[in-house]
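Please work through each task before reading its solution.

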Amino acid sequence: MQVLDDIDRRILRVMQEDPGLAVADVAGRARLSTGACARRIDRMERDGVILGRRVEIDRRALGYEVRVFLRVTLDKTTPRAFDDFLAGARALPEVESIQTLLGRVDVRMDVTARDLAHYQEIYRTKILALPHIAEIEALMLVSELKSTDRLPL
Amino acid sequence: MIDLDDLDRAILRALAADGGLNAKQVGEAVGLSQPAAWRRIRRLEEAGVIRGRRLVLDRAKLGFGVTVYVGVRLAAKGRLDLEGFERAVTAIPEVQVVQHVLGVFDYRLRVVARDLSDFERILRRRIMTLPGVGAVESNVMLSEEKDQPPLV
């Protein structure tokens, strides 16, 4: 991979700000010719610096009002605790994302539900059925004040 | 809330799988003409179902080696200037996510940093110094998967 220079970072800053921009507009804001800008974007895509684009979908608009972050500590006396737990969690459609962590908590995951009754059902029948849970803690989302993937380049 | 039919849901599934698809490609994926797909995507955007698009970058390749989830409990509830805390914490560029939560913490943050000593600097100088911060717990992310939106 080629080392990124200040011009590359300028392009990425513009693209992070407005991912829907056409290459010509990115070039204009980054003060480059369209051709030079397109070549740099192509290179960064080839090098895997730019991985793609993501669409943000509003869960509420789809009828999912409840979001709960579960923080799970696993029973590590079982050698396959992580693998078994993750395989089970991965299969649940209501689990939106899973992260493994280094710290007091082993795994955290986002659970989405239509309402509290629906959440309770998911929690009881699906989450608590996952293997090797030693401790589980829940944080319920009240409001999201900031949410971005933007890097301070 | 707008009514979504099966085609809208198929469009959302296609876009959730690859946010870089244009209207033509979305149309091909769900069996619509380009203008028809474009009109539906527009309608989903206008209704706020599609809130926007994000550029996905490889954090590690850009020098951001660590992502840390930070739980923050405020020190003295009730007498605090919540808005002051929220304004200050959302203004920190390394803080990507700020969520007000109910539970053992009051706020949940996601922080990106170049390495652990960079994270320590952000934590000590920017986060611990915010007004009202009490207990703080940090968990370093080792891996992430499945990070995909909904169950359409």
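**Exercise 1.** Determine which residue of β4(B) stands opposite B:Val98.

*Solution.* Step 1: B:Val98 faces B:Leu109 in β4(B). Helices (H or I, at least four residues) and strands (E, at least two) are DSSP runs, numbered from the N terminus.

Step 1: In chain B, strand β3 (residues 95-102) and strand β4 (residues 107-113) are paired in the antiparallel sense over five bridges. Two strands count as paired if DSSP finds at least two bridges between them.

Step 2: The model is a predicted one, in which local features need pLDDT of at least 70 and side-chain atom pairs count only at pLDDT 80 or more, while totals for chains, interfaces and linings use all residues; side-chain values use heavy atoms, without hydrogens and water. Residues are numbered from 1 along each chain as its sequence is written, and chains are lettered from A and ligands numbered from 1 in the order in which they are written.

**Exercise 2.** State the order of the eight strands in the closed barrel.

*Solution.* Step 1: With antiparallel pairing, the closed barrel runs β2(A)-β4(A)-β3(A)-β5(B)-β2(B)-β4(B)-β3(B)-β5(A).

Step 1: On average, and with direction ignored, neighbouring strands of this sheet are turned by 35° against each other. Axes are lines fitted to C-alpha atoms, for helices over the stretch in contact, and angles run from 0 to 180 degrees between N-to-C directions.

Step 2: Helix α4 (residues 81-90) of chain A packs on the sheet and touches β2, β3, β4 and β5 of chain A together with β5 of chain B; contact means heavy atoms within 4.5 Å. The direction of α4 makes about 160° with that of β3(A).

Step 3: Helix α5 (residues 116-127) of chain A also packs on the sheet, touching β2, β3, β4 and β5 of chain A, and its direction makes about 135° with that of β4(A).

**Exercise 3.** Describe how α1(B) and α2(B) pack on α3(B).

*Solution.* Step 1: Helix α1 (residues 6-17) of chain B meets helix α3 (residues 34-46) of chain B at an angle of about 85°, with the axes 11 Å apart. The two helices are therefore roughly perpendicular, a term for angles of 65 to 115 degrees.

Step 1: Among the residues making this contact are B:Leu7, B:Ile11 and B:Leu15 of α1(B) and B:Arg40 and B:Leu44 of α3(B). By class, the contact of α1(B) with α3(B) has six nonpolar, no polar and three charged residues. Here Ala, Val, Leu, Ile, Met, Phe, Trp, Tyr, Cys and Pro count as nonpolar, Asp, Glu, Lys and Arg as charged, and the others, Gly among them, as polar.

Step 2: Helix α2 (residues 23-30) of chain B packs against α3(B) at about 105°, with the axes 8 Å apart, so α2(B) and α3(B) are also roughly perpendicular to each other.

Step 3: B:Ala23, B:Lys24, B:Val26 and B:Gly27 in α2(B) meet B:Gln34, B:Ala37, B:Trp38 and B:Ile41 in α3(B). This contact of α2(B) with α3(B) comprises five nonpolar residues, two polar and one charged.

Notes: Angles under 35 degrees count as roughly parallel, over 145 as roughly antiparallel, 65 to 115 as roughly perpendicular and the rest as oblique.
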